[in-house]
Amino acid sequence: MAARGSGAGEREFLVFAAAAGGRLLLTATLLTGESPRNRPVARRLLTDALARTYAVWARVSGEGDDPYDRTRAELVRGFLRALRLRRVLGPAKAAGIGGPLGELRPLARAALVLRLHEGIDTERTAMLLGCGTARVEALTAGAARRFAAGAGPQCEAEARRVLGALPVPVVPAGLADAAVGAGRRLRRARAWRRALAAAAFLTGAGAAAAAATGLWR
């Protein structure tokens, strides 16, 4: 386990980031609704998601977790935070991704991307988005109707085709290294918080023991 947290672990992470980064950046861009020519929010979301994965890389690789699934989940959580802060594009934005996807509201866009682009089942999508399965199904169906006329399966098939035809971008140079640096800082911050919590617990336990001793004198 120690080796995975050192140079070997970092190399493993960088290999993963190089292999999966393009697909994750495309997913981030589809979530944010930005133009592929200019996607600063998507890049920030991906950097943060990769950093959070790197911060627990020893556990991810040691327990056999899927790092892509974990990073994608972090990406969605970051997207929802950005949505609350109004950093995600809504429909009809001139600088956005355009086409039927650009006409969708952010949550509908997210449901469509996760269900039809990423192929995540309804239950897992609902968990990631923090809503019910019925809501996910309604959002996905409504979003898919933007892509084609006809029955639900036809619309979803066309949406899959359009999303599947989008080119996978090249990850900007330095993004993975930035994620490693941010992940290290996050790891140190978490270790510091744990140390403070342990110290507070021990201090409180000591004070309680002293008080109990005083009561019995």
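## A tour of the helices

Select helix α6 (residues 106-117) and helix α7 (residues 122-129): they pack at an angle of about 140 degrees, their axes 10 Å apart. Axes here are lines fitted to C-alpha atoms, for helices over the stretch in contact, and angles run from 0 to 180 degrees between N-to-C directions. α6 and α7 are therefore oblique to each other (under 35 degrees counts as roughly parallel, over 145 as roughly antiparallel, 65 to 115 as roughly perpendicular, the rest as oblique). Their crossing is right-handed: a crossing is left-handed if the near helix is turned anticlockwise from the far one by less than a right angle, and right-handed if clockwise.

This is a predicted model, where local features need pLDDT of at least 70, side-chain atom pairs count only at pLDDT 80 or more, and totals for chains, interfaces and linings use all residues. Residues are numbered from 1 along each chain as its sequence is written, and side-chain values use heavy atoms, with hydrogens and water left out.

Now show the whole chain. It has 10 helices and zero strands (DSSP runs numbered from the N terminus: helices are H or I, at least four residues; strands are E, at least two). Of its 217 residues, 40% count as buried (buried is under 20% relative accessible area, exposed over 50%, partly exposed in between; 1.4 Å probe, protein chains only).

Next, the aromatic rings. The whole structure holds four aromatic pairs (rings of Phe, Tyr and Trp, its six-membered ring, pair if their centres lie within 6.5 Å; planes under 30 degrees apart are stacked, over 60 edge-to-face, the rest tilted). Pick Phe 13 and Trp 57: the ring centres are 5.4 Å apart and the planes at 80 degrees, so this pair is edge-to-face. The pair links distant parts of the chain, with Phe 13 in helix α1 (residues 7-32) and Trp 57 in helix α3 (residues 57-62), 44 residues apart. Phe 13 is buried at 0% relative accessible area. Trp 57 is buried too, at 5%.

Then show Arg 187: its charged end sits over the ring of Tyr 54, 4.8 Å from the centre (NZ of Lys or CZ of Arg within 6 Å of the ring centre and within 35 degrees of the ring normal).

Follow α1 to Ala 20, where the helix bends by about 50 degrees (the angle between axes fitted to the seven residues ending there and the seven starting there). After α1 comes Gly 33, with a positive phi near 80 degrees. Gly 33 lies in the loop between α1 and α2 (40-55). At 5% relative accessibility, Gly 33 counts as buried. Finish at Ile 97: its C-alpha is 5.3 Å from that of Gly 33, though the two are 64 residues apart along the chain.
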